[in-house]
Each structure stands twice: as C-alpha cells, then as structure tokens.
Amino acid sequence: YFHFAHTNILQFLFTSGVFYTIGNYHMAAFGCSSFLKIFGASALGGTVLTAIGLRTGVTTEAQAGAMAPAAGLIAYNVFRNPGWFKMFLRPVPLLAALTLYGAFYGDRAAIGGISVGYLAFLFGI
C-alpha cells in the first residue's frame, strides 16, 4: 500500500502531474483497463525491488509514494507514444533523467517501475 502514501510534497506533485497528463492521454487512447494493467504491474515491480533491497540491506529506508506506477507509465509511453513528449521534454532524456534519479537517490521503486513499463511495452500489454 505504500504507493498511495506520499511523504514528500515534490514527489506527490510529480506523480500527480504524470497521472493527470500522461495518464489522461493513455486512458483516452487505450482505455482504463490498459492504464490499470500498467499501473498495477509497475507497482508490483517497484514493490518487489524495494522488498529485495530492504531484505538484503541495500536499501535502508522504505519507499513511499506512487513513483513506481508513474515511472512505469512514463517508460511505457516513451516507447509506445514518443510523439506525446515533444512539447516540454524529449522522450529519451526524460527516461534517462528518471533512471538517473532512481540510481542516485536509491529509489528502487522508480527503477522497478521503469523496468516493468519497458517490459509491458515489449510484450504489448
């Protein structure tokens, strides 16, 4: 349930912005069930990586917020719909910035969400 409990206002604003913009475009183009599949799979991927990090001692703090589903939604749509990202940020630098955020800040939920979002694109979910 940690995906619904934000502890940082900036993360809350970021994930809300992603769901409001990319999420709305995704639901309009592919429907709510596709959005929920990507949301759920990305949340599961973020949860698994966070749990592995906590059990092995690599991650010392718990993850909170909907970063995994937001990262999964971004990763999926960067590869499936790159034209959606031409206004503010180009798709590849956006995905690179999100990956670097996950790597430098130890946000395993973001890395799990990106990974599962890319896998969802590859498997055509």
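Visitor: What is the accessible surface of the protein, and what share belongs to carbon and sulfur atoms?

Guide: The accessible surface comes to about 7200 Å², and 70% of that belongs to carbon and sulfur atoms. Bear in mind that this is a predicted model.

Visitor: What secondary structure does the protein have?

Guide: The protein has five helices and zero strands. Along the sequence the pattern reads α-α-α-α-α. Of the 125 residues, 40% are buried. Among contacts with a separation of 6 or more, 77% are between residues 24 or more positions apart.

Visitor: Why is His26 called buried?

Guide: The word applies under 20% relative accessible area. His26 has 0% relative accessibility, so His26 counts as buried.

Visitor: Where does His26 lie, and which residues is His26 in contact with, leaving aside neighbours within four places in sequence?

Guide: His26 lies in helix α1. With those neighbours left aside, His26 is in contact with Gly31, Ser34, Phe35, Ile38, Leu73, Tyr76, Asn77 and Trp84. Three of these names, Ser34, Phe35 and Ile38, are also among the buried residues of α2.

Visitor: How do you know that the length of helix α2 agrees with what its residues should span?

Guide: Helix α2 covers residues 32-56, which is 25 residues. At 1.5 Å a residue they should span 36 Å, and the end C-alpha atoms are 36 Å apart, so the two values agree.

Visitor: What covers the buried residues of α2?

Guide: The cover includes α1 (9-30), α3 (67-80) and α5. Besides those already named, the buried residues of α2 include Phe39, Ser42, Ala43, Gly45, Gly46, Thr50 and Gly53. Just after α2, Gly57 takes a positive phi of about 85°.

Visitor: What makes the pair of Tyr101 and Tyr105 tilted?

Guide: A stacked pair has planes under 30 degrees apart, an edge-to-face pair over 60, and the rest are tilted. The rings of Tyr101 and Tyr105 have centres 5.4 Å apart and planes at 40°, so the pair is tilted.

Visitor: Are Tyr101 and Tyr105 buried, partly exposed or exposed?

Guide: Tyr101, at 29% relative accessibility, counts as partly exposed. Tyr105, at 63%, counts as exposed, since that word applies over 50%.

Visitor: Which residues do ring pairs link into a cluster?

Guide: Phe19, Phe35 and Phe39 are linked into a cluster by ring pairs.

Visitor: Which residues form the nonpolar patch on the surface?

Guide: Phe79, Tyr118, Leu119, Leu122, Phe123 and Ile125 form the patch, and together they have about 600 Å² of accessible area. Helix α5 (residues 108-123) supplies the largest share, four residues.

Methods. Residues numbered from 1 in each chain as written. Predicted model: local features only at pLDDT ≥ 70, side-chain atom pairs only at ≥ 80, totals over all residues. Heavy atoms only, no water. Patch = residues over 30% accessible without salt bridge, like charges linked within 9 Å, V, L, I, M, F, W, Y side chains within 5 Å. Areas by Shrake-Rupley, 256 points an atom, 1.4 Å probe, with all protein chains shown as cover. Salt bridge = Lys/Arg side-chain N within 4 Å of Asp/Glu carboxyl O. Helix = DSSP H or I, 4+ residues; strand = E, 2+ residues; numbered from the N terminus. Expected span 1.5 Å × (residues − 1). Buried < 20%, exposed > 50% of the residue type's maximum accessible area, 1.4 Å probe, protein only. Contact = heavy atoms within 4.5 Å. Phe/Tyr/Trp six-rings, centres within 6.5 Å; stacked < 30°, edge-to-face > 60°.
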